[in-house]
Amino acid sequence: MTLALQLSLPRAGFRLEVACELPARGITGLFGRSGSGKTTLLRCIAGLEPAVRGQIEFNGEPWQDAQRFVPAHLRAVGYVFQESSLFPHLDVRANLEYGLQRVPPAQRRLDLEEAVRQLDLASLLRHRPAQLSGGERQRVAIARALLSSPRLLLLDEPLSSLDPRSRAEILPHLERLRDVASIPLIYVSHVLGEIMRLADELVLLEAGRVRAVGPLQQLLTRSDLPLAQFTDSGSVFDAVIEEHDPTYQLSYVRISAGRLAVALKQAPIGQHVRVRIDARDVSLALKPPELTSILNVLPATVRELAGDGDPAQTLVRLELGTEPLLARITRRSAVQLGLTPGMRLHAQIKSVALMESSAAPSNW
Amino acid sequence: MDSADLIALWISFRLAATTTLLLLLLGTPLAWWLAIGSSRWRTAIDALVSLPLVLPPTVLGFYLLILLGPQGALGAPLRWLGVSVPVFSFTGLVIGSMLYSLPFAVQPLRDAFLSVGTRALEVAATLRASPWDRFFTIALPLAARGALTAAVLSFAHTLGEFGVVLMIGGNIPGRTRTASIALFDHAEALEYAAAYRLSLVLLGVCFVLLLLVYGVNRRLRAVGSTA
């Protein structure tokens, strides 16, 4: 299951020149600063840019090559646009039905009631788009795209036009999408936090070209890429909820390298979650620290030291079990501890953020 | 009002209705092409469509008379084919009126299609709607206000036309004499009472039509029905 792309499209000011192969499963994040060609690439995949040259192949089916250009309405691709894109002359129900009615009944993967329930739209069905808030509109747009039973769902910064409250309201829905939709998603964003929360695979775009493609966990911690330099850079881990401790209001989750304490989370034991550890919340100690207030201390190995945008800081890429962990410490500490690749030490993790539920990788 | 005037009014309304209907049918695809097309001829066609706005109606009528007349470039082949020549007939009136009112139908439609924009149509495409499907379910409903404006303006404009109708129709009572020509005849003959009555009817109809357009437009705006 792959989406193979080899595209070329000249645009005013820059040229989109992309060749890569994406896994057609899970959520693929498309990350880059504004103007890097994220939206243009997404539109090419959807078939909305007839001027693009090159090849697109989805699961072995050619959508575009030298001879053919499958038009957008025959690609069965769902698209959620950046700003509200509801049909203003139709109410919410008719908007939802627009896509549904154009799918042969045998091919429908979702019925109206289920979509309404999943995205919590029951009270909005008779409303006109103009009466909805920004967050409500995007929820309707997502449900409408899903109801067209797409084989691939493209989301173009669906949160960027929303206020923080609406964003927080939609994010859990997006995470649940992975469980509900069981189709690949491509999620465009220029907000690292959203990508860390949602993406499994990452494509890094720079000036119309692919700078890097790979699993999110790897790309986040690579010192040769700009992601590690972000002030809110960090690492993500897939984890399983193992134990709740109501006395101290803590939950314990298991990652490959050990056990982490997080703030108490109302979630069943055994549930898969994603945790995020910010690079600035990781400190390093050569000996196992005694008498410390920090709960999470795990053995780690230094893999790489790299300069940071801030000349007083150093980025340290560690290995926690088999997974990469990024730490940002002062350059002075790095020198004093004599850090070198291969060194074994202890990572003290001051804070672990547990993100909303995510599907187990095996569910894909 | 005497029966001759009633017949003239009837001819005017029949002409306006026929012209409006045909203009909507033929003007909509033309307006669509002007709005979304990328042909290099587009600007030239746009200007051509707008020509009747500035052209003296008698000029248009004169050309049509020459073109469609028994010896004309179009009239002669028509006669050869056995079709009756359309000058001095209701058909001729319709052809002349359609050309004369063309910009009043096409421009509001074109602007309405332009304001629908490409986004809604792209969304529809990703929801599996074919180009025809998108046109009828998205572009046309969203351009409804433009279509209404086009219809009313074409109707009212045809009702009021004089020069083209006189040129190509020839003022034949009961066949091509429209209300506006009858009005002119009355005024010429100093029959002011009859002229007043006809004027009042035409004024009233035009005002009610425009009232309808503005009323409907306001209501559509209120429910947020435009993109």
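Two residues are in contact here if their C-beta atoms, placed from the backbone, lie within 7 Å. On that basis, the contact between the chains takes 21 residues from chain A and 18 residues from chain B. Please keep in mind that this is a predicted model.

**Where chain A touches chain B**
- Strand S6 (77-80) and helix H2 (92-101) of chain A are the elements that give two or more residues to the side of chain A that touches chain B.
- S6(A) gives the most to that side, with three residues.

- As background, nonpolar side chains tend to be buried together in soluble globular proteins.

**Helix H2 of chain A and its partners**
- Buried residues of H2(A) include Val92(A), Asn95(A), Leu96(A), Tyr98(A), Gly99(A) and Leu100(A).
- The buried residues of H2(A) pack against helix H3 (112-118) and helix H4 (134-147) of chain A.
- H2(A) and H4(A) pack at an angle of about 25°, with their axes 7 Å apart.
- An angle under 35 degrees counts as roughly parallel, and H2(A) and H4(A) are therefore roughly parallel to each other.
- The crossing of H2(A) and H4(A) is right-handed.
- In this pairing, Val92(A), Asn95(A), Leu96(A), Tyr98(A), Gly99(A) and Leu100(A) of H2(A) meet Val140(A), Ala143(A), Arg144(A), Ala145(A) and Leu147(A) of H4(A).

**Helix H5 of chain B and helix H8**
- H5(B) and helix H8 (residues 144-160) of chain B have axes 8 Å apart and pack at an angle of about 160°, which means that H5(B) is roughly antiparallel to H8(B).
- H5(B) and H8(B) make a right-handed crossing.
- On the H5(B) side, the residues making the contact include Phe104(B), Ala105(B), Pro108(B) and Leu109(B), while H8(B) contributes residues including Ala147(B), Ala150(B), Leu153(B) and His157(B).

**Two loop residues with positive phi**
- Asn59(A) sits in the loop between strand S4 (53-58) and strand S5 (61-64) of chain A.
- Phi of Asn59(A) is near 50°, a positive value in a residue other than glycine.
- Is Asn59(A) buried or exposed? With 12 other C-beta atoms within 10 Å, Asn59(A) is exposed.
- Arg128(B) is found in the loop between helix H6 (119-126) and helix H7 (131-142) of chain B.
- Phi of Arg128(B) is near 75°, again a positive value in a residue other than glycine.
- Arg128(B) counts as buried because 24 C-beta neighbours lie inside 10 Å.

Terms used
Residues are numbered from 1 along each chain as its sequence is written. Chains are lettered from A and ligands numbered from 1 in the order in which they are written. This is a predicted model: local features need pLDDT of at least 70, side-chain atom pairs count only at pLDDT 80 or more; totals for chains, interfaces and linings use all residues. Axes are lines fitted to C-alpha atoms, for helices over the stretch in contact, and angles run from 0 to 180 degrees between N-to-C directions. Helices (H or I, at least four residues) and strands (E, at least two) are DSSP runs, numbered from the N terminus. Angles under 35 degrees count as roughly parallel, over 145 as roughly antiparallel, 65 to 115 as roughly perpendicular and the rest as oblique. A crossing is left-handed if the near helix is turned anticlockwise from the far one by less than a right angle, and right-handed if clockwise. A residue is buried if 20 or more other C-beta atoms lie within 10 Å of its own, exposed if 12 or fewer, and partly exposed in between; C-beta atoms are placed from the backbone.
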